[in-house]
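Here is a report on one protein chain. Please read it alongside the sequence and the coordinates.

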Amino acid sequence: MKHIFLIVEGQSEEIFYKTIVGEHFQATHILEVTVMPNKKNQTSRKNKGGAITYDHCIQNIHRFLRQTSHCEKVFFVYDFYGLHSSFLKKYSGVNSSNEKAEFVAQRIEEKISNPKFSVFL
């Protein structure tokens, strides 16, 4: 069985991936899902601290990769809407959501530089 780890944005995404996606893949995959900590490194709703910055995100992804050495794939699944402006630093393309999302995904994947890591925005 393949062991897959998902880093998601919030509690509703965590529930969705654990129930709907997890049930679909349970015969062939072991699926672990965690919520990306906010800027205060907390995941509870009452301690919600706003959008995380690019640097904070990168630090957390590196930490998750160290903790999930047993996983074959690690995915960062995040909504592009509401993403902190620091993710688009150095972006100079057109004002296209698709192009911006591709830029952010490529920027994160290049910074992480791990073959078992992928981004989905």
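K90 sits in the loop between β3 and α3. Helices (H or I, at least four residues) and strands (E, at least two) are DSSP runs, numbered from the N terminus. Phi of K90 is near 75°, a positive value in a residue other than glycine. K90 counts as exposed because its relative accessibility is 70%. The cut-offs for relative accessible area are: buried under 20%, exposed over 50%, partly exposed in between, with a 1.4 Å probe and protein chains only.

S113 also has a positive phi, near 50°, and is a residue other than glycine. S113 follows α3 and lies in the loop between α3 and β4. With a relative accessible area of 58%, S113 is exposed.

## Basis of the model

This is a predicted model: local features need pLDDT of at least 70, side-chain atom pairs count only at pLDDT 80 or more, and totals for chains, interfaces and linings use all residues. Residues are numbered from 1 along each chain as its sequence is written, and side-chain values use heavy atoms, with hydrogens and water left out.

## The sheet

Four strands form an open sheet with parallel pairing, in the order β2-β1-β3-β4. Two strands pair if DSSP finds at least two bridges between them. The edges are β2 and β4 (117–120), each pairing on one side only. From one strand to the next, the twist averages 20°. Axes here are lines fitted to C-alpha atoms, for helices over the stretch in contact; angles run from 0 to 180 degrees between N-to-C directions.

β1 (residues 2–8) and β2 (residues 29–35) pair in the parallel sense over seven bridges. In this pairing L6 stands opposite V33 of β2. β3 (residues 73–77) pairs with β4, also in the parallel sense, over four bridges. There F75 is opposite S118 of β4.

β1, helix α1 (residues 11–25) and β2 make a right-handed β-α-β unit. A crossover is right-handed if, with the strands pointing away from the viewer, the path from the first strand over the helix to the second runs clockwise.

E32 belongs to strand β2. Is E32 buried, exposed or partly exposed? E32 is partly exposed, because its relative accessible area is 27%. Leaving aside neighbours within four places in sequence, E32 is in contact with H3, I4, F5, L6, H70 and C71. Contact means heavy atoms within 4.5 Å. F87 is 55 residues from E32 along the chain, and their C-alpha atoms are separated by 25 Å.

## Helix α3

α3 (residues 97–112) lies across β3 and β4 and runs at about 165° to β4. The expected span of a helix is 1.5 Å times one less than its number of residues.

Which residues of α3 are buried? They are K100, A101, V104, A105, R107, I108 and I112. Seen down the axis of α3, these buried residues fall within an arc of 160°, so they line one face of the helix. The arc is that of the directions from the helix axis to the C-beta atoms. An α-helix has 3.6 residues a turn, so residues three or four places apart point the same way. The cover over the buried residues of α3 includes α2 (54–67), β3 and β4. On the other side of α3, N98, E102 and E110 are exposed.

## Helix α2

The 14 residues of α2 should span 20 Å at 1.5 Å a residue; the end C-alpha atoms are 20 Å apart, which agrees. Y54, H56, C57, I58, N60, I61, F64 and L65 of α2 are buried. What covers them includes β1, β2, β3, α3 and β4.

S118 is found in β4. S118 counts as buried because its relative accessibility is 15%. Not counting residues up to four places away in sequence, S118 touches K73, V74, F75, F76 and E109. H84 is 34 residues from S118 along the chain, and their C-alpha atoms are separated by 19 Å.
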